[in-house]
Amino acid sequence: MLKPFHLRRSAAHTKLQGLAKEVGQMHMLRHFEEDEDRLNHMHLEVGPIYMDWSKHRVNEAVMKALFELAEEADWQGGIRQLFGGDPINQTESRSVLHMALRGEAHDAFHVQGVPVMPNVLATRQAMLAYADGVRTEGQVKDVVNIGIGGSDLGPLMVTKALRAEGADGPRVHFVSNVDGAHLEAVLGKIDPASTLFIVVSKTFTTQETMANAEAAKAWLADALGVTAIPNHFAAVSTNVPAAEGFGVPSAHIFGFDDWVGGRYSLWGPVGLSIACSVGSESFQALLNGAREMDRHFAGSPARQNMPLISALLGVWYREYLGFPTHVVLPYAQDLDRFPAYLQQADMESNGKYVGRDGQPVVHSTGPVVWGEAGTNGQHAFYQLLHQGTTVHPVDLIAVKEPLSQFNSHHQKLLANAIAQAEALMCGKSRAEVEEEMRDSGASEDHLASVAPHRVFEGNRPSTFILLSALDAHSLGMLIAFYEHRIFMQGLLWNVCSYDQWGVELGKALAKNILSEWQGSNSSAHHDASTSALIEKLRGA
């Protein structure tokens with residue numbers, strides 16, 4: 001397992017504390033004035049991804065100290081353990097090898113000395129052949145993915161992002177919420193005779209997923225008869241007997257290993273709905289893009305390592321400048337579910353207060369991740385980003401190639417993305433505001449009362465991430481970039497990034513409460529508030 005790292009005991013930590021008081025408070029415009037070559041050594045280009053981090057509250061002294069922090073945490077050793085199949089998911093004694101799902105035959109991925117690629121490739125081949133059959137046989141017009149968490153957010157995000165590549169495939173719908181309205185809304189617009197349901201549940205016992213799956217099966221049986229069920233259901237699960245008992249033929253069941261975490265699973269059978277949408281060629285391009293980022297991350301030195309640099313900037317803001325959130329702003333409508341996907345990937349991974357040594361951590365860990373597609377967000381919460389009392393570091397994600405036939409729209413979209421990065425950094429001074437108001441004829445009294453409200457202090461950091469195009473390959477690279485950023489931050493924060501015990505307690509209590517409502521358990525004890533709510537809603 002990964003060795004414990006105590007961030008606040010490191011030599012680099014002391015340096016960074018001092019730099020936070022000095023450099024961290026300097027205006028970024030001053031950094032550009034003092035270093036004319038700043039952009040040249042604060043940007044990277046890896047394949048189709050260009051990353052500019054020059055608009056951050058850092059200089060060479062800060063970056064040097066951050067790289068020293070990474071060295072003290074043995075970042076390269078951590079990568080070797082990750083890719084080497086060591087059981088770094090220590091609380092569950094499991095390897096973490098979702099990278100193998102996008103691997104090739106000659107990639108040396110092993111778990112406990114056993115090569116995993118033969119089984120990965122065989123499963124991939126069977127899954128993609130099935131997906132291509134769904135696309136080409138012409139009988140399936142709608143695919144409904146029933147899952148939750150990583151079994152929903154990843155496939156949903158990718159399917160939406162690759163809308164153009166799925167134009168010739170079936171329509172793909174996603175049902176995750178146990179609120180019956182979610183399922184009802186989908187069933188109301190599909191024909192049972194031309195629908196395929198994909199039930200995605202590792203154990204085939206997930207409460208929300210199985211409730212929706214059973215309801216979908218009953219709906220289909222009512223329309224077509226129970227004998228139709230095998231032709232209209234597929235499953236992604238490691239529990240083959242349960243899936244077969246549900247009515248899914250064994251040839252339509254695709255499994256995966258326990259070294260694949262749910263929120264990192266879209267690259268394998270969990271991505272079956274993606275493959276049904278875009279086809280095997282595009283799905284393989286998605287894998288190839290992620291693998292390219294894997295190789296970059298595992299093989300690049302610190303100053304050329306895109307995920308490492310992004311991770312270090314996040315630690316700088318969270319630990320040393322006290323900024324509590326990380327905002328993701330894709331200027332691409334097709335990426336509108338990307339912030340939600342990253343919320344799970346990041347917050348479920350690094351939202352921990354116990355370290356790898358089993359002791360409470362004494363520093364901040366994962367930030368709140370949030371965001372929305374531009375330009376919608378500009379008319380919603382950007383006011384807070386520009387003039388709120390708390391600074392929120394931003395990732396702006398844009399795409400060079402147009403995303404639609406409306407090229408002039410795309411120019412406006414890109415202009416807004418660039419302008420927001422500039423505005424966040426530069427702001428607008430009181431002198432600029434007053435000059436602007438005088439030029440428009442404002443009286444001195446009006447100027448004195450209104451000008452303070454129109455001042456922007458600026459100095460709000462942002463990373464600009466530019467994709468050459470939003471295709472399967474570049475999307476795979478982008479997702480893998482954030483996966484490795486999350487891993488590196490977990491290493492530095494000394495947390496176990498690949499378990500999620502925090503989601504279990506509420507699920508267990510919900511099961512107990514449900515059994516009370518159904519009359520099978522009346523002995524549970526609750527606080528007065530919980531008991532009152534149960535009584536008020538009993539039988540709902």
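Is Gln112 buried or exposed? Here are some notes on this predicted model, starting with that residue.

1. **Gln112.** With a relative accessibility of 78%, Gln112 counts as exposed. The residue sits in the loop that runs between strand S3 (110-111) and strand S4 (114-115). Its backbone deserves a look too: phi is positive, about 50°, although Gln112 is not a glycine. As background, most residues other than glycine have a negative phi.

2. **Asn494.** Here is another non-glycine residue with a positive phi, in this case about 65°. Asn494 belongs to the loop between H19 and helix H20 (504-517). Its relative accessible area is 3%, so Asn494 is buried, whereas Gln112 is exposed.

3. **A cis peptide.** While you are checking the backbone, please look at the bond between Gly374 and Thr375, which is cis with omega at about 10°. For context, most peptide bonds are trans. Thr375 is found in the loop between strand S11 (368-371) and helix H15 (382-387).

4. **Helices H13 and H19.** How do these two helices cross? The axes of H13 (residues 306-320) and H19 (residues 472-493) come within 8 Å, at a crossing angle of roughly 50°. The two helices are therefore oblique to each other, and their crossing is right-handed. On the H13 side, the residues in contact are Met306, Pro307, Leu308, Ser310, Ala311, Leu312, Gly314, Val315 and Arg318. They meet Phe481, His484, Arg485, Met488, Gln489, Leu492 and Trp493 of H19. Sorted by class, this contact has 10 nonpolar, 4 polar and 2 charged residues.

5. **Phe233 and Phe246.** The model has 15 aromatic pairs. One of them joins Phe233 and Phe246 edge-to-face, with 5.4 Å from centre to centre and 70° between the planes. Phe233 comes from strand S8 (residues 233-236) and Phe246 from helix H10 (residues 240-246), so to speak two distant parts of the chain, 13 residues apart, linked by the pair. Both Phe233 and Phe246 are buried.

6. **Phe338 and Tyr482.** Which geometry does this ring pair have? The ring centres of Phe338 and Tyr482 are 5.5 Å apart and the planes stand at 70°; an angle over 60 degrees counts as edge-to-face, so this pair is edge-to-face. Since Phe338 is in helix H14 (residues 338-350) and Tyr482 is in helix H19, the pair ties together parts that lie 144 residues apart in sequence. Phe338 has 0% relative accessibility and therefore counts as buried. Tyr482, at 2%, counts as buried as well.

7. **An aromatic cluster.** Phe233 and Phe246 return here: ring pairs link them with Phe197, Phe204 and Trp219 into a cluster. If you colour the model by residue type, these five names are the ones to pick out.

8. **Pro230.** This proline lies in helix H9 (residues 229-232). Its relative accessible area of 29% makes Pro230 partly exposed. Leaving aside residues up to four places away in sequence, Pro230 touches Gly247, Pro249 and His252. Leu196 is 34 residues from Pro230 in sequence, while their C-alpha atoms are 9.9 Å apart in space.

How values were computed. Residues are numbered from 1 along each chain as its sequence is written. This is a predicted model: local features need pLDDT of at least 70, side-chain atom pairs count only at pLDDT 80 or more; totals for chains, interfaces and linings use all residues. Side-chain values use heavy atoms; hydrogens and water are left out. Axes are lines fitted to C-alpha atoms, for helices over the stretch in contact, and angles run from 0 to 180 degrees between N-to-C directions. Helices (H or I, at least four residues) and strands (E, at least two) are DSSP runs, numbered from the N terminus. Angles under 35 degrees count as roughly parallel, over 145 as roughly antiparallel, 65 to 115 as roughly perpendicular and the rest as oblique. A crossing is left-handed if the near helix is turned anticlockwise from the far one by less than a right angle, and right-handed if clockwise. Contact means heavy atoms within 4.5 Å. Ala, Val, Leu, Ile, Met, Phe, Trp, Tyr, Cys and Pro count as nonpolar, Asp, Glu, Lys and Arg as charged, and the others, Gly among them, as polar. Rings of Phe, Tyr and Trp (its six-membered ring) pair if their centres lie within 6.5 Å; planes under 30 degrees apart count as stacked, over 60 as edge-to-face and the rest as tilted. Buried means under 20% relative accessible area, exposed over 50%, partly exposed in between (1.4 Å probe, protein chains only).
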